[in-house]
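Let's take a walk through this one together. Have the viewer open and follow along from one spot to the next.

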Amino acid sequence: MSDGEGELSLRERKKRATRQRISNVATDLFKARGFDGVSVAEVARAAEVSTMTVFNYFPRKEDLFLDRIPEAVEVLSGAVRHRAPGETPLAALRRLTLELRDQHHPLAGPNDNFPAFWQVVIDSPALRARAREGLEEIENALSHALAETAQDTPDPALTAALIVAAYRSVYVTTARRLLAGERGEATAEDHQARMNAAFDILERALTPA
């Protein structure tokens, strides 16, 4: 349990556990039968909750599978908002990528579980559309965080767009290697090296002369 989880009330911890259990059940069903081959009602029955409970936690069916989008929005924008005094937004985001890697966090980058998970997304137009929306949500949240906490950023929206594009480029390159059959351990070091190189490029491009 993380420090943040320890500060949560018992009720909130139970809600988080229920949400995760529903998402886990849905993920297993979607992997086995495809996203379009499983209804929300079937997920509810398998998770032993009501359909209304599922929708209370996940307003859209797509969010049952892409359930980490809200976390990604919070974690990335939070790194900018709550960075250390004197730390630049890019430095805070670079540090975040290293922390997520060390924690083996799902948001750190693709791993050996990636191919089966993302094949479901690739096979579903609805999930592909939701994934694109998720990137837009992250970009908007970063833009607002930059505008509110880094007033010297000349164009927060453009800066956020460039950051998200850099993340996406590195992620997609690693994803393609894993989908082609490489193992996560063979790509992890290169993934982090390319992420660091991406931040180097961003810093050169976005740091005033």
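**Starting at a proline**

Pro110 touches Tyr171, Thr174, Ala175, Leu178 and His191, leaving aside residues up to four places away in sequence. Keep in mind that this is a predicted model. Where does Pro110 sit? Look in the loop between helix H7 (89-102) and helix H8 (114-122). Is Pro110 buried or exposed? Its relative accessible area is 12%, and buried means under 20%, so Pro110 counts as buried. For a sense of how the chain comes back around, pick Thr173: it is 63 residues from Pro110 along the chain, yet their C-alpha atoms are separated by 9.9 Å.

Now jump to the annotated part. UniProt, in an unreviewed entry, marks residues 16-76 as "domain: HTH tetR-type". That stretch is 74% helix and 0% strand, with its end C-alpha atoms 20 Å apart. The unreviewed entry also puts a "DNA-binding region" at residues 39-58. Here the chain is 75% helix, again with 0% strand, and the end C-alpha atoms are 13 Å apart.

Zoom in on helix H3 (residues 40-47), where Val40, Val43, Ala44 and Ala47 are buried. Looking down the axis of H3, you'll find its buried residues within an arc of 100 degrees, so they line one face of the helix. Just after H3 comes Glu48, which takes a positive phi of about 60 degrees.

Notes: Residues are numbered from 1 along each chain as its sequence is written. This is a predicted model: local features need pLDDT of at least 70, side-chain atom pairs count only at pLDDT 80 or more; totals for chains, interfaces and linings use all residues. Side-chain values use heavy atoms; hydrogens and water are left out. UniProt positions are given in the numbering used here, feature names are shortened, and annotations may be inferred rather than shown by experiment. Helices (H or I, at least four residues) and strands (E, at least two) are DSSP runs, numbered from the N terminus. Buried means under 20% relative accessible area, exposed over 50%, partly exposed in between (1.4 Å probe, protein chains only). The arc is that of the directions from the helix axis to the C-beta atoms. Contact means heavy atoms within 4.5 Å.
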